[in-house]
Amino acid sequence: MSRFATLALTVVLLAACDSSAPRDNPRDPLSPGYDGTGTLTGTVTGTVSPFPVRADVLVRITPSDASGTPTPGADSRLAISGPDGRFEVMRLPAGIYAVQVEGSDVRSDVVVAQVGAQDTSLVTLRANSLPVVQSQEARTVYVESRFGADPYRVEIGTRISDADDIDDVDAVVFVVEELGIRDTMMQVVPSASQTTADFRITLPQDGLPGGSAQPLLGQALRIEVTDDAGNVIVGDPFGLVRIIGTVPTPVSPVNFPGGLDPADLELLWDSEPLPYPYAFLVEVTADRPGLEQVVVSATVPADSTSYRVPTQLPSGTYFWTVSYVDQVGNRGRSTEARFEFQ
């Protein structure tokens, strides 16, 4: 290289290193506008196509490594998604962040975001709404039957909701831990809602400990719900209130072969008062070959011992029953009393 070329190159290099040179690039750490922070913006949606936006979801942003493991001792930033599902956090120091929704009723995978200085990073969070146990009930049923069926059973019911879709619910299980009971509950079909459904299970006498509902009294009963992602939600403990081990006695008509006036059908029974609030449940069932259908169902006050059927029944064979029913649905049901219209 000639002496003059070397001199020219030296001048250029010196000019490049001159601190007085203008620095107007905001990404230049030496630029007056550089502050080493960036912006993280994102959208929270559901997990089911078409992935509707989710509002009012809490989002936690935590410094992390490239795998999404939070940096020990690092402070998090929080944001809440707006009506359009979007959230934004400004002035985040440049670096790697673990982004995840947070709350007792929602879960999401961790999304790792690289936030650059003076840049805006974009993320999408798929928020999986957890199932919610909306209601739960347990009642005992004691039945006297001329068919000799087992007299005791326990009926368990619950209503489950999932804001994404009720099909996200994988299993609903009735649990009594102390007695080793774990039984899968079945959905009542059809469901009246895309996001809510009722589930039921009936435990017959031979499925109860010792063949009786008595051991379940005083036990903590629970509903356990698992969604498709493997999240497990357990409802609050609940319990049985009582067993109604006595029943009213049908008086008339009983095994009546015919001759009744279908326009003036009155059902009569005897009963003993119970030491707690109750009513009577009267049911008339049409007994047809291969099909039994309840055609009359009425609740009658506890001070009554009769019920007049308000509609005229067509000719055929029927049976009727009367039950004690307490305030939570426990029942003691009479044996069937048959009658027919010619």
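T195 is partly exposed, with a relative accessible area of 28% (buried means under 20% relative accessible area, exposed over 50%, and partly exposed in between, with a 1.4 Å probe and protein chains only). The model is predicted, so local features need pLDDT of at least 70 and side-chain atom pairs count only at pLDDT 80 or more, while totals for chains, interfaces and linings use all residues. Residues are numbered from 1 along each chain as its sequence is written, and side-chain values use heavy atoms, with hydrogens and water left out.

T195 sits in the loop that runs between β14 (186–187) and β15 (196–204) (strands are DSSP runs of E, at least two residues long, numbered from the N terminus). Although T195 and A163 are 32 residues apart along the chain, their C-alpha atoms are separated by 5.7 Å. When residues up to four places away in sequence are not counted, T195 touches I160, S161, D162, A163 and I166 (contact means heavy atoms within 4.5 Å).

## D164 and its partner R54

D164 belongs to the loop between β11 (152–161) and β12 (169–176), and its relative accessibility of 12% places it among the buried residues. Once neighbours within four places in sequence are left aside, the contacts of D164 are G46, T47, V48, R54, A127, N128 and S129.

With R54, D164 forms a salt bridge in which the closest N and O atoms are 3.8 Å apart (a side-chain nitrogen of Lys or Arg within 4 Å of a carboxyl oxygen of Asp or Glu). This pair links distant parts of the chain, 110 residues apart, since R54 lies in the loop between β1 (37–45) and β2 (58–63) and D164 in the loop between β11 and β12. Both D164 and R54 are buried.

## Other salt bridges

By the rule stated above, the count of salt bridges comes to 14. One of them joins the side chains of E155 and R139 at 2.8 Å, N to O, and it links distant parts of the chain, with E155 in strand β11 and R139 in strand β10 (residues 132–143), 16 residues apart. E155 counts as buried, at 13% relative accessibility.

Another salt bridge pairs R338 with D287, the closest N and O atoms being 2.4 Å apart. Because R338 lies in strand β25 and D287 in strand β20, this pair ties together parts that are 51 residues apart in sequence. R338 counts as buried at 18% relative accessibility, whereas D287, with a relative accessible area of 23%, is partly exposed.

## Nonpolar cores

The largest nonpolar core has 24 residues, and those with the most contacts inside it are Y307 and W320 (a core is a set of buried Ala, Val, Leu, Ile, Met, Phe, Trp, Tyr and Cys residues joined through side-chain atoms within 4.5 Å). At least two residues of this core come from each of β19, β20 (278–288), β21 (291–300), β23 (316–326) and β25 (337–341), and β20 gives the most, with 5 residues. Apart from this core lies another, of 23 residues, which includes I160, A197, F199 and A213.

## A three-stranded open sheet

An open sheet is formed by 3 strands in the order β18-β19-β22, with antiparallel pairing (two strands pair if DSSP finds at least two bridges between them). Its edge strands, each pairing on one side only, are β18 (249–252) and β22 (306–308). Strand β19 (residues 266–270) is joined to β22 by 3 bridges, and the two run antiparallel; here E266 stands opposite R308 in β22.

## V112 in strand β7

V112 is part of strand β7 (residues 111–115) and, at 36% relative accessibility, counts as partly exposed. A distance of 9.6 Å separates the C-alpha atoms of V112 and P63, which are 49 residues apart along the chain. Leaving aside neighbours within four places in sequence, V112 is in contact with D65, A66, S67 and G68, as well as with I96 and Y97.

Notes
Helix = DSSP H or I, 4+ residues; strand = E, 2+ residues; numbered from the N terminus.
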